[in-house]
There are 2 protein chains.
Amino acid sequence: MEADSQTGKEKYAADISSIREAHERIKSLVHRTPVLSSESLNAISGRLLYFKCECFQKGGAFKFRGASNAVFSLDGTDASKGVITHSSGNHAAALALAANLRGIPAYIVIPKNAPTCKVENVKRYGGQIIWSEASMKSREEIANKVWQETGAILIHPYNDGRILSGQGTISLELLEQAPQIDTLIVPISGGGLISGVALAAKSINPAIRILAAEPKGADDAAQSKAAGRIITLPETNTIADGLRAFLGDFTWPVVRDLVEDVITVEDSEIVKAMKLFFEILKVVVEPSGAIGLAAVLSDAFQKNPAWKDCKHIGIVISGGNVDLGVLWKSLEK
Amino acid sequence: MEADSQTGKEKYAADISSIREAHERIKSLVHRTPVLSSESLNAISGRLLYFKCECFQKGGAFKFRGASNAVFSLDGTDASKGVITHSSGNHAAALALAANLRGIPAYIVIPKNAPTCKVENVKRYGGQIIWSEASMKSREEIANKVWQETGAILIHPYNDGRILSGQGTISLELLEQAPQIDTLIVPISGGGLISGVALAAKSINPAIRILAAEPKGADDAAQSKAAGRIITLPETNTIADGLRAFLGDFTWPVVRDLVEDVITVEDSEIVKAMKLFFEILKVVVEPSGAIGLAAVLSDAFQKNPAWKDCKHIGIVISGGNVDLGVLWKSLEK
């Protein structure tokens with residue numbers, strides 16, 4: 001992070017200008033996803049909930065916003081070498097799709113434990129798959145090797161200003177679709193989504209509250225907020241396969257400054273929220289995408305007096321890529 | 001049907017005026033449901049598809065449009081007696097919800113084979129359930145008995161002008177959301193949905209084509225169109241629990257005159273379409289709601305030269321009330 005010499009304030013990796021530029025760049029490429037609401041879910045939560053359905057985004061997740069912004073930001077020379085990333089799934093598919101639309105190669109390093117439907121999406125969009133072990137170390141090593149061989153441009157899943165700016169376009173749409181929103185609840189993993197969303201939303205409405213939702217089995221963001229510095233974990237254990245990454249140096253300052261609190265939930269609460277999405281909202285949501293609803297229904301939120309006057313709550317459903325068999329088995333329990 | 005003395009033309013049970021009146025009456029009550037599209041499904045079908053997602057309507061189905069129009073059309077004296085209907089599910093829940101909103105009782109006769117989730121919806125909205133056998137005869141007998149006891153106003157699931165007018169509001173929204181649509185594919189059962197949709201759409205754009213989609217195991221509409229008169233069947237056999245009713249004298253004239261063709265599909269095609277909705281569109285669709293996609297993918301549609309120039313196709317997803325276990329078991333096969 002470089003300091004702004006005019007204001008003395010630290011600048012973040014993205015701001016409302018870069019987010020508006022991203023919006024201009026990608027608006028003809030992305031779906032303007034609908035905002036759904038349900039009186040039944042309002043009754044259950046005791047609040048008015050506005051669900052921003054990024055599960056309906058191209059590739060089935062918000063990730064296409066950042067990926068398309070990154071790919072279409074490249075100059076011709078860089079673009080011609082192609083792009084590369086490592087990702088457990090949604091960013092991988094999104095980057096493959098964005099590269100496909102620009103007509104350049106995408107090299108995708110995928111850990112062996114990625115969900116089948118996410119791997120299928122990468123294949124559908126023409127990405128070139130290179131397998132790695134599940135660990136972040138293996139993912140990074142193999143990505144580095146492919147980078148050395150191809151010269152392709154690395155597009156990190158979240159620790160990248162272009163990615164933050166693309167994800168931030170969610171707030172531009174959502175606060176136009178439901179300007180009454182006073183609180184946003186956003187899943188947190190590497191922090192790309194919540195950073196972009198927070199930077200845009202706070203610029204449009206400085207009074208808006210930003211809350212993160214995180215699985216207890218991968219609560220590095222909650223621990224980082226408590227410690228005042230980035231904490232990483234030796235291992236993670238959660239059904240939410242999209243929420244196992246750790247904060248990066250581009251996302252941490254935004255999370256530190258603009259996110260009011262991190263609400264952690266059990267996997268059982270995530271599964272319950274998935275079921276509510278399926279049965280009441282009629283939307284297919286993956287575990288990571290269901291965590292916002294799980295958070296608003298949790299005791300941690302409901303019983304905290306600090307959130308008592310959060311009335312109009314925007315919840316980002318981050319994605320819908322879930323294998324049907326996995327969903328059914330988790331709900332059957 | 002009465003004849004119009006001015007034009008000599010037969011009048012239908014609804015028209016664009018009654019549909020616009022319905023829209024004014026119910027627009028603050030119903031969800032303006034989004035229209036989703038998917039490049040993957042466009043590629044599979046070879047057309048541009050616009051999915052009108054009535055699965056996101058209140059009660060999880062389009063039925064709330066007609067039911068709320070009927071209930072809020074009643075004068076105070078009639079309304080005070082309450083309303084009654086017999087229905088396998090979605091109309092039942094919709095009527096219970098509409099009555100609940102108006103603060104009047106709803107007596108709902110439900111056949112014993114109705115899907116659990118639909119019965120749960122009736123309970124959730126405060127409907128008073130009276131059980132019947134599965135047959136239409138038993139449903140009608142028991143409804144008649146309750147009517148004699150209560151004096152409640154019978155709101156038929158489809159053979160009613162107020163119902164047709166309410167369902168027709170779908171076209172007002174859809175042709176505003178996607179005016180380029182040249183063809184509509186609509187599930188057909190008793191004909192209330194397709195009649196309302198056709199009357200409104202043909203009035204807005206007389207060149208628009210209206211195609212019905214029907215299960216082979218309940219193909220009374222296809223047989224009726226072929227015979228030129230209402231045909232009913234001794235029994236029906238289909239997974240699409242919402243498509244087992246037969247045309248009525250209010251819906252048949254519209255289907256006879258305005259529906260170009262009835263495309264019949266196998267249950268296996270319906271299940272395949274449900275799976276595509278789940279995996280690609282991320283939307284929970286019940287069997288009856290999935291039949292429009294099944295129809296557009298069927299050989300009957302794809303190989304018929306008459307439909308070769310249907311390019312922009314609006315498909316009504318009629319509902320999303322499906323038991324998760326049932327869905328999983330049908331997809332596993």
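What covers the buried residues of H15(B)?

**Helix H15 of chain B**

This report describes a predicted model, in which local features need pLDDT of at least 70, side-chain atom pairs count only at pLDDT 80 or more, and totals for chains, interfaces and linings use all residues. Residues are numbered from 1 along each chain as its sequence is written, chains are lettered from A and ligands numbered from 1 in the order in which they are written, and side-chain values use heavy atoms, without hydrogens and water.

The cover of the buried residues of H15(B) includes helix H12 (267-281) and helix H15 (324-332) of chain A, together with helix H12 (267-281) of chain B. Helices (H or I, at least four residues) and strands (E, at least two) are DSSP runs, numbered from the N terminus. Within H15(B), residues 324-332, the buried positions are B:Leu324, B:Gly325, B:Leu327, B:Trp328, B:Ser330 and B:Leu331; buried means under 20% relative accessible area, with a 1.4 Å probe and protein chains only.

**The sheet of chain A**

In chain A, six strands form an open, mixed sheet in the order S1-S2-S10-S7-S8-S9. Strands S1 (35-36) and S9 (261-265) stand at the edges, each with a single partner strand, so one side of each has no neighbour in the sheet. Two strands pair if DSSP finds at least two bridges between them. S8(A), residues 209-215, pairs with S9(A) in the parallel sense over five bridges; A:Leu211 has A:Asp261 of S9(A) as its bridge partner.

**A helix on the sheet**

Helix H10 (residues 220-227) of chain A packs on the sheet, touching S8 and S9 of chain A; contact means heavy atoms within 4.5 Å.

Definitions and conventions. Buried means under 20% relative accessible area, exposed over 50%, partly exposed in between (1.4 Å probe, protein chains only). Axes are lines fitted to C-alpha atoms, for helices over the stretch in contact, and angles run from 0 to 180 degrees between N-to-C directions.
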